[in-house]
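Visitor: Can you walk me through this structure?

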Amino acid sequence: MKNSLGNPARGEAFYPRDSELKKIYRVLDKGTSIYLSAPRRVGKTSILKHIEEFPQEGYYFVYVITESVDSEKEFFKVIFEAIIRSEAIGNLSKLYDSIKNGIEGILGRVKTVYHVELREKGETDYFQILVDLFEKIKKEYGHVVILIDEFPQTIQNILNKEGEKAAEHFIQKNRELRHNAYVLDKIHFIYTGSLSLFPMVEKVTELTAVNDLRTVEVAPLTYNEAQDFLIKLLEFDNVQLEESILQYTLDRMGWLIPFHLQLIAQEITDVYETNEEDLITSKEIDQAYDQIVHLRNKPQFEPYFARLATLFKGNEYAFVFEVLEFIASNDIITMDKVHDFGVKHTVEETRRTMDILEGDGYLFKSEEKNYRYTSPILQMWCRKHICK
């Protein structure tokens with residue numbers, strides 16, 4: 001299996017996530033839209049790309065990423081353009097004809113449908129255009145599912161640019177679209193992103209705005225899955241590990257997500273080829289882990305910390321970094337210490353902030369109510385390169 005580190009896994013590089021795929025289709029079969037929940041780098045985008053490329057019969061998926069979108073109008077325009085340019089829909093004659101006829105009826109100024117060129121006059125209400133377009137799609141054609149990646153980031157962008165009222169209106173407008181009579185039971189949405197949706201929504205409105213979404217969690221790989229995945233990654237480069245060394249590798253990793261398995265596979269292969277040793281021992285595995293946090297891997301880790309600046313501002317940002325640095329050096333932080341840091345930085349909503357860090361995969365809360373890093377590897381990076 002080819003190592004697709006840094007990119008969504010496609011085709012043969014995609015490791016089967018049968019449990020998650022079954023959950024997704026089970027919810028969609030009931031006519032419900034989905035929030036696909038998981039921290040950064042767990043494999044959400046790869047799953048979306050996989051179901052778009054290999055859909056079950058009767059399902060037509062349209063993938064769109066809205067990470068850079070910062071206005072409500074632009075969001076609905078991006079969704080509209082993604083639909084009419086979708087190769088999946090373009091290859092299905094009935095649905096294609098329905099959309100083509102719908103667009104021509106709605107706009108009356110479309111040159112082409114696939115790779116569309118719009119000649120617009122004045123302002124265009126893309127929300128209403130979407131509603132009118134969805135009206136033209138017949139239920140018997142199948143289920144159209146819009147896969148919206150980085151939706152929480154879009155909320156954050158609008159919040160930063162236009163304020164709370166605009167962000168709240170955007171969230172409510174999406175709910176209105178999902179519940180429109182021409183959308184229900186025909187058009188479904190899967191929202192996901194590297195930021196947690198619910199804490200983002202709570203910044204500007206009540207969670208009732210998204211309580212119609214069914215949460216489907218993307219879990220880390222099981223031990224057996226992680227073992228199988230790592231073996232397949234290493235086999236591609238003709239590297240083999242004895243069972244005891246494989247177990248040692250996974251035990252050190254702790255949090256078994258595809259991204260970290262790809263990282264360690266890359267470093268194990270590098271150690272193997274550099275040392276020219278036939279047998280890999282725990283010593284070589286330790287060397288591979290040391291290499292993971294080398295500065296050459298900065299592009300893989302820097303987004304974890306750089307993106308905090310878009311999430312948190314001023315005193316809240318300073319609070320977050322002090323918390324992360326403290327845990328990196330001390331392994332845990334107690335709730336009392338969190339409270340002390342909150343007082344120091346005059347941050348009142350420390351619980352909401354910690355919920356975001358937990359939901360986004362930085363930290364987890366133990367039964368003793370202490371926080372730790374979810375990933376020992378991320379803790380290693382922070383300790384070496386972030387801590388003052």
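Guide: What follows goes from the whole chain to the sheet, the core and a few residues.
Guide: This is a predicted model, in which local features need pLDDT of at least 70 and side-chain atom pairs count only at pLDDT 80 or more, while totals for chains, interfaces and linings use all residues. Residues are numbered from 1 along each chain as its sequence is written, and side-chain values use heavy atoms, with hydrogens and water left out.

Visitor: How many helices and strands does the protein have?
Guide: The protein has 19 helices and seven strands. These are DSSP runs numbered from the N terminus, with helices being H or I of at least four residues and strands being E of at least two.

Visitor: What share of the residues counts as buried?
Guide: Of the 388 residues, 53% count as buried. Buried means under 20% relative accessible area, exposed means over 50%, and partly exposed lies in between, with a 1.4 Å probe and protein chains only.

Visitor: In what order do the strands of the open sheet come?
Guide: The order is β2-β3-β4-β1-β5, five strands with parallel pairing. Two strands pair if DSSP finds at least two bridges between them.

Visitor: Which strands stand at the edges?
Guide: β2 (59-65) and β5 (214-217) do; each has a single partner strand, so one side of each lacks a neighbour in the sheet.

Visitor: How many bridges join β2 to β3?
Guide: Seven bridges join β2 to β3 (residues 143-149), and the two run parallel. Within this pair, V62 has I146 of β3 as its bridge partner.

Visitor: And β1, what does it pair with?
Guide: Two bridges join β1 to β4 (residues 187-192), and four join β1 to β5. I34 stands opposite I190 in β4, while Y35 has T215 as its bridge partner in β5.

Visitor: Which way do the β1 side chains point?
Guide: From β1 (residues 34-37), I34 and L36 point one way and Y35 and S37 the other, and all are buried. In a regular strand the side chains alternate between the two faces of the sheet.

Visitor: Changing topic, which residues have the most contacts inside the largest nonpolar core?
Guide: They are I146, I190, F305 and L363, in a core of 127 residues. Helix α3 gives the most to this core, with eight residues. A nonpolar core is a set of buried Ala, Val, Leu, Ile, Met, Phe, Trp, Tyr and Cys residues joined through side-chain atoms within 4.5 Å.

Visitor: What does I146 touch?
Guide: Leaving out residues up to four places away in sequence, I146 touches V62, V64, I79, I83, I187, H188, F189 and I190. Contact means heavy atoms within 4.5 Å.

Visitor: Which residues of α3 are buried?
Guide: F75, F76, V78, I79, F80, E81, A82, I83 and I84 are the buried residues of α3.

Visitor: Is L48 buried or exposed?
Guide: L48 counts as buried because its relative accessibility is 0%. L48 is found in helix α2 (residues 44-53) and touches L36, Y63, L147, D149, I190 and T192, not counting residues up to four places away in sequence.

Visitor: Where is M380?
Guide: M380 is in helix α19 (residues 376-386). At 18% relative accessibility, M380 counts as buried. With residues up to four places away in sequence not counted, M380 touches R252, Y289 and V293. M380 and S329 are 51 residues apart in sequence and 9.3 Å apart in space, C-alpha to C-alpha.
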